Amino acid sequence: MSQVVGRDDLLLVTLDTLRFDVAAELAEAGRLPNLAAHLPGGRWEERHAPGSFTYASHQAMFAGFLPTPAAPGPHPRLFAARFEGSESTADRTYVFDAPDLVSGLADAGYRTVCIGGVGFFNKRGALGSVLPGMFQESHWEPEFGVASPTSFEAQVARAERVVAQLPAGQRLFLFVNVPSLHQPNWFHLPGATREAGDSRATHAAALEYVDRHIGRLFAAASSRRRCFTIVCSDHGTAYGDDGWTGHRLGHESVWTVPYAHFFLEPGAH
């Protein structure tokens with residue numbers, strides 16, 4: 001990353017609330033053709049989330065603490081604040097002197113852009129303004145939110161406009177928080193009803209919906225130059241697992257998340 005930063009554009013996509021087991025099953029079954037085409041080996045990497053809900057996890061990720069490989073470490077990090085005694089900062093780590101990665105990339109000459117999804121990015125109140133407030137430019141509309149059945153399509157359209165308006169030489173750090181997996185997601189599964197509510201099956205249908213449109217996002221992000229891309233979940237969620245429902249709790253379905261990083265060559269989709 002110490003060589004990538006300053007050379008390539010950067011894209012971070014958080015598939016908010018996506019469970020690892022659902023993501024892995026769909027990739028293996030061939031139900032994620034657009035995502036799987038870019039996943040190393042066609043598979044998600046199993047990792048542990050840095051937080052059990054959106055706000056905590058994104059605060060950690062924006063400090064350089066991406067989901068951690070689900071195996072004994074230490075594991076060198078891609079990004080890290082300059083911090084005495086850090087055991088996960090390696091020679092290839094991009095080290096920044098700012099209090100967060102977003103500011104560090106801005107200091108390095110990047111245009112930092114947030115396209116929000118869930119409520120912690122909606123800028124409707126003080127709390128919902130903290131995370132998008134880290135960026136030089138942030139976008140949120142009701143059509144990007146969790147209640148919109150077409151949220152990701154709307155976000156991708158905004159990303160396309162953002163990229164198209166940038167000067168050719170301007171490096172970009174684009175962050176997209178995808179709300180489609182978060183509840184409510186029942187409307188992504190044909191035949192599901194509001195009364196029946198969300199389930200593991202509707203969660204899977206929401207991921208398939210994202211997969212159908214993510215190629216456009218990848219194409220926009222790599223339209224000007226090579227783009228280093230991270231796609232991961234910030235946390236999972238429980239659908240009755242061992243009696244647990246939801247997240248912001250310490251169950252394996254919440255802490256275990258899918259992760260991948262890869263380069264998008266110009267013209268990727």
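Trainee: How do the residues lining the largest pocket divide by type?

Mentor: Twelve are nonpolar, eight polar and five charged, where Ala, Val, Leu, Ile, Met, Phe, Trp, Tyr, Cys and Pro count as nonpolar, Asp, Glu, Lys and Arg as charged, and the others, Gly among them, as polar. This is a predicted model, in which local features need pLDDT of at least 70 and side-chain atom pairs pLDDT 80 or more, while totals for chains, interfaces and linings use all residues. Residues are numbered from 1 along each chain, and side-chain values use heavy atoms, without hydrogens and water.

Trainee: Which residues lie nearest the centre of the largest pocket, and which element gives the largest share of its lining?

Mentor: Met1, Pro76, Arg77, Leu78 and His261 lie nearest the centre, among 25 lining residues. The largest share, three residues, comes from β12.

Trainee: Why is threonine 17 called buried?

Mentor: Buried means under 20% relative accessible area (1.4 Å probe, protein chains only); threonine 17 has 0%, and therefore counts as buried. Threonine 17 sits in the loop between β1 and α1 (20–28).

Trainee: Which residues does threonine 17 contact, leaving aside its neighbours within four places in sequence?

Mentor: With contact meaning heavy atoms within 4.5 Å, its partners include Leu181, His182, His203, Asp234 and His247.

Trainee: What puts the buried residues of α3 on the same side?

Mentor: Those residues are Thr54, Ser57, His58, Ala60 and Met61. They cover an arc of only 155° around the axis, so they lie on the same side of α3; the arc is that of the directions from the helix axis to the C-beta atoms. Their cover includes β1 (9–15), α4 (101–107), β8 (172–178) and β9 (227–232).

Notes: On a 1 Å grid over the protein atoms alone, a cavity is a set of points where a 1.4 Å probe fits but cannot get out, and a pocket is an open set with protein on both sides within 12 Å along at least five of seven lines; lining residues have an atom within 4 Å of a point. Helices (H or I, at least four residues) and strands (E, at least two) are DSSP runs, numbered from the N terminus. Buried means under 20% relative accessible area, exposed over 50%, partly exposed in between (1.4 Å probe, protein chains only).
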